[in-house]
Structure formats: C-alpha cells, structure tokens
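Please look through the model shown here.

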Amino acid sequence: MFDRVALGIVGTAIVTFLLGWTTLFDRTSPDTAVAGLSLFALFGVAFLLAGAGLIAAGIASNVGLFKTTADQYTGLGTGVAFGVVGFATGGLVTTILFGVGATGSALAGLVVALIVTLGIAVLPEDIGTTLPVGLLALVWGVLLAAGFVDVGWVWDPPSLAATFHAPIVVPLVTIALSLLVAWSGAIVAEGFGSQGRQNGAYLMIGLNAFGMIAVLLLLILFVVRKGLPTLLEGAQFGPGLSISVPFLTKGVMLGQQYNGIFPAIVGTVWLVVGAVVLAIPMGIGAAVFLTEYAEQGRFTAVIETATNALWSTPSIVYGLFGYAFLVPRFGNRNSLLAGMMVLGFMLLPLVVITSREAIKSVPDEYRDASAALGVNQWQTIRSVVLPAAMPGVVTGVILGVGRIAGETAPILLVTSGAPFPARAPSILGSFRFTATPPFVQNEALLQASSALPYQLYAVITAGVGQEEAFGWGTALVLLLVVLGFYAIGIASRIYFRRKLHQ
Amino acid sequence: MSDQTVTRTNDEQQSNSLTDQQPTSHTVDAETDEQLVDSWTDYEFEGEAAITVEDLDVYYGDDHAIDSISMEIPEQSVTALIGPSGCGKSTYLRCLNRMNDRIDSARVDGTVEIDGENIYEGDTDLVELRKKVGMVFQSPNPFPKSIRENVSYGPRKHGDVNVGLLGKLLGGDDSEAERRLVERSLKQAALWDEVSDRLEDNALGLSGGQQQRLCIARCLAVDPDVILMDEPASALDPVATAKIEDLIEQLAEEYTVVVVTHNMQQAARISDQTAVFLTGGQLVEYDDTDKIFENPESDRVEDYVTGKFG
Ligand SMILES: Nc1ncnc2c1ncn2[C@@H]1O[C@H](COP(=O)(O)OP(=O)(O)OP(=O)(O)O)[C@@H](O)[C@H]1O
Ligand SMILES: [Mg+2]
C-alpha cells in the first residue's frame, strides 16, 4: 500500500514532468482537453493527488502506521534546498500581494528562506521531506484545478519590465514542482533513511540527465524539421542510383531553378581541413617538447597558463589578428588561406592542451622499458609514447573541430567574399608549380570563399536575396558537416585505440 | 683473506658475548660491520668479474642512498641483492646500466667497470651500454603492441633488423630475420610454446607471468651480456614465480644475472652469491649464497636472513 502510493506519486510526477517539457516546446497544446478537463486543470488534479499522497505518507510514517527507516531530523542540506524554494516563493508572493519592489521582495524572500530552512532542518525526516513538497503541490494544484491560473492568465508585475504568460509559466513551474514531487516520492518509496535519500538523488539526477538530452534532441529535431524541406527542394532520387540534391550541389545563380550552398560547404570543409593540417603537427610538436624535453618548472607553467588563456580567447580577437596581420600579407584581400591559418591558430591551444594531457598519462614504465633497451628518447617518443597518446590527442582535435567549424567572426574578417557565390573554390585543381620561389602556387587558396556559418550569418542579418528557409537549410547542413567531422574523428580514435589493444 | 680471518675473530667474540647474555649494543654491531664492509671487496670467486664496482656513492639531493659500495660481480652466474625496503637495492641496480641518469635528483660517484671500461666515464655510449646491460622491471611493462613487435622492438630501433615499408623500399627486408629473432628470444624466455600461435596479438592480453617473461624475451632480443632484474617475480603468483626462477637459473649459463629480491627462499634457491644491503645503503655482507644463509659473518645479516630483523 505504502509502496504503491509512493510509486503512484513518482509516476504522476514523471508524467507531469514530461508533459511540462512538451508543453513548453509547443508539442502539446494547453488547450488539449482530456475527459472535459484542460491540460492545466489536469496538472492541477495530478498535483492535488500527489501532494495529498505525499503528506499522507509522511504522516503515516511519522505516527508509526508503517515501519520506515526515517532519520530523526531532516537535516540542513534538505532544509537549505527548500530554503531556496522558499526564497523564490516568498519573494513572488510578496510582490504579487503587496506590490513591493525588488529590494522588498528579496528581503521577504530571505526571511521566508531562513524560517523554512531552519524549520525543515529540525523536523523528523519523514515529515520534513514530504510535507513541504506536498503543501507546494497542493497549492499549485488548487491554483490550476480551480482555474485561478488558466491559459489566459497573465502576470504583469509593475516592478519588472517583463510580462509572464501562462503558456510559459505554468509548464516551467510544473516541471520544477514535478522534480520535487518525484524526489520526495522516491524517498518515500524506499522508506526514507539513507536508502531513501539515495533513491531520491538517483531519480533527480536521472530526470535531469534525461531533461538535458531531451533538450538537445529537441534542438536538433527543430533544425532538421525547419531545414529538411529546403535541403530536399528539387531533390530527385532515381531512376536507379542517380541522386540529385541541388541544394548540396549547386551554387547561387540567376536563372537557376534551385539554388544551393555547395560553395559554402566546400569552403567550410577546406577551412577545417586546412586548420587541422596546420594545428596537429604544430600542436603535437609543442606538446612533446613541453612534456618530454622541457624542464618542468616555471617556464612550462607559464606556457601552460598561456595556452589555456589562448584557448578561451574570443574568436573575434583571432579574427582581428588575421585581419591585421595575415590579410595584408596575402595580397591584401580575404582568402581561404588566411581563414585556415586563423582557425588553425584557434585550434592550436586545444591540441596542445589535450596532447599534453594525453602524453603525460602515458605510463612512465613504457619510457623506462624503452630506455633500458638502449632506445633513445626521440625514438621512444615516436614509437611508444605518441602511439599510446594518440587516442587522447584525437579526442582533443574532435572537440576543437566542433568549435572552429561553426566559427563565424574570423571568417567574416579574413575569408569572406560574396556570401552566396556561384562556384566553389577548386583547391586541388589550382596547384601550379613554378621554377621560382615559392615554387608552388595556388590561386584558389588566395581567393575569398564562403563558408556555412558565414552564409547563415548573411541570411540572418541582411537576408540578401535569400529567404529564411535557405538559412535553415544551411544550418542543417552545417550540423551535418560538423557531425561528419565528428564521425571521422571518432572513427580514427577507435582505429588508434584498436592498435593499442588488439 | 687475512681480513676475513680478523673479522671472523671479531664475530666470534661477539657471539661469545651473546652467549654470555650480555646485551648487544648497536655501536659494537656497527663497528663490526664497518670492518666487514671493508672486506667484501675481497670476496673471491672462480672465473672473471663481469662488473667491478668501486666506491660507489649515490645521492638523491642530500639523501645519501648508496654508501661507498665496492663489489665484484662474477660473470655467468646469479647474484642476488637482498635487504630491507628502502636500503638502496633498486638504486644500486640502476647504477649498473645508468638508469639513474633518468632521475633528475640522482647523483652518482665512483666507478662501475664493465668489460674493463668505466661506464661513468664521460664518453660512454648509453645506447651501447644498455644494449649490453639489459633490465627487467618489478611490474611487467610490455608495450601496448603485438607480442612480435615487443620482442623485436630493441633490434628494430637499433636498426639491426629492418622491417616494414622502409625496409622493403631499401631492399633490405629482414622479416625472416625478425621472425627467427622473435622465436629464439621467446624460446630462451620459455614463452614460445604458449604464444607461438598468437604472435600478432596485443601483449597486454597476456597474463602477468607471461608478460614478465615477454619482458625478459624483449631484453634478451638485444643480446645483452648482463641482465638486471628488480624483483622480477614480486607481482606474480607462485606458479608464475617458479617459472621465472627456473628461467633465471637457465639464463645464468649464458648471461650474468643480477637480481633484487625480497624473498629469502628465492635468493637461496636461485643465486650463486648473495649481497646483503642494510639500511643506509651499505653493503654489509657479500659471499656465496650458502654461506650467507647458513653461516653469515655479521649478526645483523643473520638476524635479517632468519627474519628477526627487516
Ligand atoms: N627517485 C628518487 N628520488 C629520491 N629519492 C629516492 C628515489 N628513489 C629512491 N629514493 C630513495 O633512495 C633510498 C633507496 O631507495 P631504493 O628504491 O633503491 O630502495 P630499495 O632497496 O629498492 O627498496 P624496495 O625494496 O622497497 O624496493 C630510499 O630512501 C628512497 O627514498
Ligand atoms: Mg626497489
């Protein structure tokens, strides 16, 4: 009986939690009616039941109707957690009821928080973990079920510039309260005590993780839904194996039925490839020098701090550096090469940081074993240390590629030309060998190019010639390109791991 | 020899005093040992010395880890180094192939002669030295590579066998030589029968004992004269330990083996001569193994080998 009530409470809370999210993201409409009740009223009923159940369970345990392992006191941790809730509620209520300003409501909130914290901390555990949650759930349940707060409800506090509408506020409060109720229910389910607390924490963490992943998925789904129609516009599959997706294979031209973003895709791919080719050897070389050769001390500490700082330097600063330093040296115009170098410099610190970590984590036993065989240090690094560090290095590069592939600011400054070019740069076809230095020339590398994030930016800011849908299509392709790079990275990491362990 | 007689008299006096139920004072003990220490350079054995150590001191910063040790190690035999934890056995062993160079704070004084050359002289080629004096570590440390690559690692890096793409390009592909080398070394290390059908498998998939024998094979592949082993069986179970012990005894027919061990029975079983180190990095007694375990000169050594002190 006790267990079933607890499970019912947790189940109800999970349902309201999920429905809260779907409502927040417009997946379920607040107007949906089940058995003559609107969604919000349903929430209300659910919270009434759950709240009553929690309080009943708490009291039943406290008076000894059911044997539980509840502690004597709830404890300060839970008290403080509820104090925070009390702070928010107290502040809100005073603002709504008395219309006091920010300072007043903060003070009131603090007082409430203090009282709640201390009050709950000294309550017996079975009461302290159920009663406050149950009361909150009951209040919220009454507000919703009795229709005090319905779809049309608006709260426009005079002290704030913002207005709050029910379709946003109700799901948010519902989600938060559902978490609390689920937590409390989970504690009840295990009969309080350390088992109960463990169960509660487990559920909270699980729901949070689930929430995070759900938000991510929603984000991706959103982009896919918005972008897919554009991506597939004019696409033909068949006959046979012939597939044509003009959005991916064409540029933007007048008099063309379907325009596409091929030049930008090529631009982004070359930028990333160029940056990686530049950053990996330099980064690994620097990491090897710093970890294996340089004497560990102030010098390496300073370099380490500097690399960390470089990694968190805003990309626009790198862009400015490229604009002021590289662009004038490459024929005074924006070029793909300048973009590759700037992105390469951005990637460099991360490669150094992760490679250092990876190299440091290679066991010293390998180095000793190699040295004891009379193998010199460089050969040891090359044939034992680096292979063992490679998976870690690749992980770093994967992370870095994700950042630079979507980078807009530096490209805007050093690479961009026309945002919607007709043709893609042909890097491989433009190599020319000359008899005089520098012996190799590549016109295409020195030309401006478009790139996916830059194109997206152009659509958003100016809307030059392209409508919003084009932007969503671009965003989707950017996502796919980044995922593609991840896939390559993960595949190579698996390859290097295999080599170490098979 | 005369020195030894003198000390023996000293010792007899002391054992007399023991039978007289007089409490032994440490000063007396140390004095005896002091005189003993001088005499161990004179430990006489048949055959040639592979390694001659003279007045060796090692410091870690200000910490005096090895205190003026002189010792001759006979070739093609097993020399055991025993002593309580922290007395400097590993440090001493690492001096013999200059692995202490890899520790920044370590400073070594004195001479270690191998093949008549002082390895601490300025122009010693570390590569050649370590090819000549191999080392096996306490915990098995194979590389995360295949068994074959582990064994042929040394010769490949030294350019003695050229395999792979470059070898093929330069026309000198030694795959066959590598195969023979791997087989020979693994057989010497008594591992061949267990791994001959999976040479391309990763070495980390072997059991601890197999890994340790693989490390011995890896060391043998560079064709050393001397093999240093630092507690090579301490991480292994009794069966694997027995295999390593057999192996060490076999190896002594061809190689000079110096082995550090904490296990008295092990030292007694496998070694021809035993050196006892006591706290402070001093070599207290060095003699035939039988002598050390049955009738040691020093009381401290007797206490140690019988387990009363340690
Ligand atoms: N890398 C090092 N840096 C500084 N001091 C060291 C270092 N290695 C060893 N020592 C010190 O030198 C002394 C001898 O150490 P060593 O490792 O040679 O002892 P050991 O006889 O091998 O002991 P165990 O039987 O425990 O292996 C110890 O006091 C130890 O603290
Ligand atoms: Mg040791």
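Predicted model: local features only at pLDDT ≥ 70, side-chain atom pairs only at ≥ 80, totals over all residues.

Residues are numbered from 1 along each chain as its sequence is written, chains are lettered from A and ligands numbered from 1 in the order in which they are written, and side-chain values use heavy atoms, with hydrogens and water left out.

Over all chains, the structure holds 11 aromatic pairs (rings of Phe, Tyr and Trp, the last by its six-membered ring, with centres within 6.5 Å; planes under 30 degrees apart are stacked, over 60 edge-to-face, the rest tilted). Two of these pairs are listed here.

| Pair | Centre to centre | Angle between planes | Type |
|---|---|---|---|
| A:Phe247 and A:Phe470 | 5.4 Å | 80° | edge-to-face |
| A:Tyr495 and A:Phe496 | 5.3 Å | 65° | edge-to-face |

A:Phe247 lies in helix α9 (residues 246-249) of chain A and A:Phe470 in helix α18 (residues 468-501) of chain A, 223 residues apart, and the pair links these distant parts of the chain. Helices are DSSP runs of H or I with at least four residues, strands are runs of E with at least two, and both are numbered from the N terminus. A:Phe247 and A:Phe470 are both buried (under 20% relative accessible area; exposed is over 50%, partly exposed in between, with a 1.4 Å probe and protein chains only). A:Tyr495 is partly exposed because its relative accessibility is 47%.

In chain B, B:Asp223 sits in the loop between α9 (208-221) and β7 (226-230). B:Asp223 counts as exposed because its relative accessible area is 51%.
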